[in-house]
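Subject: Structure handover

Hello,

Here is the structure you asked about, together with its sequence. Please open it alongside this message; my notes follow below.

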Amino acid sequence: MTAAGGEPLIAVVDYGAGNLVSIDQALTTVGARVVVVRSGDELEASGADALVVPGVGAAAPTMDRLFGADLVSPIKGWIADGRPYLGICLGLQLLFEGSDEDGATTLGVLRGRTVELEDAPTLPHIGWNQVERRNAHPLFDGIRPSADFYFVHSYAGAPAAADEAAALADTTHGRPFVSAIAVEGLFGVQFHPERSGTDGLRLLANFVAIVRSGAATAGRNAVTSSTEVHA
């Protein structure tokens, strides 16, 4: 782990479905070093202190790419060991057991599914919207209540009752949906902090501070899904 006051090294997964420049620049701006990883071997060799999985695209092709890069087991192992993880948009949705968008079986770290936004006035949900926290958490330190963040999505993760306590914040677009989760070293946001101005940078800075402090170290056992994840 990075020494106190140092710049933690954050591995950002590149699964070939998006431009990583914005998240790389944002993390660098808030005091992290960034290494882009494209395979399980690269992740293992990186020596990273934390892992970020950004999100662009749909679940099924993304899972195919992650399997092809031998990243599924390393990501699940990383989370099970309690090492800090931040999923952004699709990177949050992948934590659940499956996705209604295309029927994909996903990582199964959290019980529940990714479902289409209910009663949404428009789909996709694009633009700024309020994030209402259920509880205080260091991830949102220094960010005013009901701050606006930038969203681009039509689906969101819906935790099952067994993992409802992981839900940290909600946003309303039609019916409310979970827009942030936090449990031990596992974090996820449905919005894009790297595109959310000052508050987005503050959230990423808070994540970096959590990583730097070593506070997120408790283990998280991956949920055993009723359906095994296959390549």
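**Aromatic residues**

Phe140 is buried, at a relative accessible area of 3%. Please keep in mind throughout that this is a predicted model. Phe149 is also buried, with a relative accessibility of 0%. A search of the whole structure turned up 6 aromatic pairs.

Another ring has a charge over it: the charged end of Arg83 sits over the ring of Trp78, 3.7 Å from the ring centre.

**The sheet of 8 strands**

An open sheet is built from 8 strands, in the order S2-S1-S3-S4-S13-S12-S11-S8, and its pairing is mixed. At its edges are strand S2 (33-37) and S8, each of which pairs on one side only. As a reminder, strands of a sheet pair through backbone hydrogen bonds, in either the parallel or the antiparallel sense.

Both senses occur here. Strand S4 (residues 85-88) runs parallel to strand S13 (residues 186-189), and 4 bridges join them. Within that pairing, Tyr85 has Leu186 in S13 as its bridge partner.

Strand S11 (residues 167-173) is mostly covered, with 6 of its 7 residues buried. On one pairing, S11 runs antiparallel to strand S8 (residues 132-133), joined by 2 bridges. There Asp170 in S11 is the bridge partner of Glu132. S11 also pairs with strand S12 (residues 175-183), again in the antiparallel sense, over 6 bridges. Asp170 takes part in this pairing too, standing opposite Val178 in S12. If you follow the chain from S11 into S12, you pass through a hairpin with 1 residue between the strands. The turn holds Gly174, whose phi is positive at about 80 degrees.

Helix H6 (residues 197-213) lies across strand S1 (9-13), S3, S4 and S13, and runs at about 150 degrees to S3.

H6 also packs against helix H1 (residues 21-29): the angle is about 65 degrees and the axes are 9 Å apart. The crossing of these two helices, H1 and H6, is right-handed. Which residues meet where H1 and H6 come together? From H1 they are Ile23, Ala26 and Leu27, and from H6 they are Leu201, Leu204 and Val208.

**The sheet of 3 strands**

A further open sheet has 3 strands in the order S5-S6-S10, with mixed pairing. Strand S5 (98-99) and strand S10 (155-159) each have a single partner strand, so one side of each has no neighbour in the sheet. S5 pairs with S6 in the parallel sense over 2 bridges, and Ser99 stands opposite Thr114 in S6.

**Backbone points to check**

A few places in the loops are worth a look on screen. The loop between strand S6 (112-116) and strand S7 (125-130) contains Pro124. The peptide bond between Leu123 and Pro124 is cis, with omega at about 0 degrees.

Asp119 is in the loop between S6 and S7 as well. Its phi is positive, at about 55 degrees, although Asp119 is not a glycine. Is Asp119 buried or exposed? Asp119 has a relative accessibility of 57% and therefore counts as exposed, since the cut-off for that class is over 50%.

Glu184, in the loop between S12 and S13, is likewise not a glycine but has a positive phi of about 55 degrees. With 42% relative accessibility, Glu184 counts as partly exposed.

Regards

Definitions and conventions. Residues numbered from 1 in each chain as written. Predicted model: local features only at pLDDT ≥ 70, side-chain atom pairs only at ≥ 80, totals over all residues. Heavy atoms only, no water. Buried < 20%, exposed > 50% of the residue type's maximum accessible area, 1.4 Å probe, protein only. Pairing = 2+ DSSP bridges. Contact = heavy atoms within 4.5 Å. Axes fitted to C-alpha atoms, helices over the stretch in contact; angles between N-to-C directions. Phe/Tyr/Trp six-rings, centres within 6.5 Å; stacked < 30°, edge-to-face > 60°. Lys NZ or Arg CZ within 6 Å of the ring centre and 35° of its normal. Left-handed = near helix turned anticlockwise from the far one by under 90°.
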